[in-house]
Amino acid sequence: MRLRGMLKAGEERRLGAVPKPVWLVLAACLLVQLIYAGFRHQSVFRPGPLPPPLPDRVVRLLSLNDAAPASAFLLLWLQSRDSLAGHYAEFRHMDYGRLEGWLRQAIRLDPHSRYALLLAAQVYGGVADRARKRQMFDFVHREFIKRPAIGWQAMAHVTVIAARDFADHRVSLRYAKDLYRLTRKRSDVPDWVKDIYWILLAKSGNDGRAIAILRQRLAESGLQAGERTFLRERLEALKREMTKSRRFDDM
């Protein structure tokens, strides 16, 4: 009992020793939390029209000529327009032409950042509208060709989703071809990214081309033992499938 009383007294003394400015800060945080909770009950937040991008020189001036933080700030600002209190705005109300302009500007300000391309691929390209999805995917494709070292992650995502969502397989095959062409000799790109092209070729019935790419992969030095075994197994499987198909055609 005495121990409990001593602990309680100690706690009271510690709380009483808290400076008044700290209590004011805590009260302000509580007020912000209450306001936030009130907004959560609103139905849908719809921001106003997306303005055109600012000139690069203006952004650099506002950021005191520190381009990388300015790029990150622009992208955070874009995302803040699309969400409020946990509710995401409907991207179909957004001008994707202007959105692309803002994303390009962020890349110009910080060409070494993956942030803008990943946003384009995974967030703004994640809409149900096929036209807008295609616009973002093509944007990622163009930027990836300019900067494959920065854009391969976003490009790999775009390629896989395009193969799943687009009826025209030529789109995903074009993405996959450029992805393979620009990453096949890069040691910093994982094997699964380099395998996307031949997998999609085989899936679309282009077994002969898939076999040619598999042979290219097997001729590369530095392959891990597991990857080499996997590629060999897939090569033999495709060769057997082609043989069966030819026998069937001859019947």
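Trainee: How many helices and strands does the secondary structure of the protein come to?

Mentor: Happy to start there. This is a predicted model, where local features need pLDDT of at least 70, side-chain atom pairs count only at pLDDT 80 or more, and totals for chains, interfaces and linings use all residues. Residues are numbered from 1 along each chain as its sequence is written, and side-chain values use heavy atoms, with hydrogens and water left out. Counting DSSP runs numbered from the N terminus (helices are H or I with at least four residues, strands are E with at least two), the protein comes to 12 helices and two strands.

Trainee: What pattern does the protein follow along the sequence, and what share of its residues is buried?

Mentor: Read along the sequence, the pattern is α-α-α-α-β-β-α-α-α-α-α-α-α-α. Buried means under 20% relative accessible area, exposed over 50%, and partly exposed in between, with a 1.4 Å probe and protein chains only. Of the 251 residues, the share that counts as buried is 36%.

Trainee: Among contacts between residues at least 6 apart in sequence, what share joins residues at least 24 apart?

Mentor: A contact here means heavy atoms within 4.5 Å. With that cut-off, the share is 69%.

Trainee: At what angle do H9 and H10 pack?

Mentor: Axes are lines fitted to C-alpha atoms, for helices over the stretch in contact, and angles run from 0 to 180 degrees between N-to-C directions. The axes of H9 (residues 169-183) and H10 (residues 191-203) are 8 Å apart, and the angle is about 145 degrees.

Trainee: Which residues of H10 meet H9?

Mentor: The H9 side of the contact is made by Ser172, Leu173, Ala176, Lys177, Leu179, Tyr180 and Thr183. On the H10 side, the residues are Val193, Lys194, Ile196, Tyr197, Leu200 and Leu201.

Trainee: Is Thr183 buried or exposed, and which residues does Thr183 touch?

Mentor: Thr183 lies in helix H9 and counts as buried, because its relative accessibility is 0%. Not counting residues up to four places away in sequence, Thr183 touches Phe144, Trp152, Val189, Val193 and Lys194.

Trainee: Which residues does Asp138 touch?

Mentor: Asp138 has its place in helix H7 (residues 130-146). Asp138 is buried, with a relative accessible area of 18%. Leaving out residues up to four places away in sequence, its partners are Arg174 and Tyr175.

Trainee: What distance separates the C-alpha atoms of Asp56 and Arg108?

Mentor: Asp56 lies in helix H3 (residues 56-62) and counts as partly exposed at 24% relative accessibility. Asp56 touches Gln105 and Arg108, not counting residues up to four places away in sequence. Asp56 and Arg108 are 52 residues apart along the chain, and their C-alpha atoms are separated by 8.4 Å.
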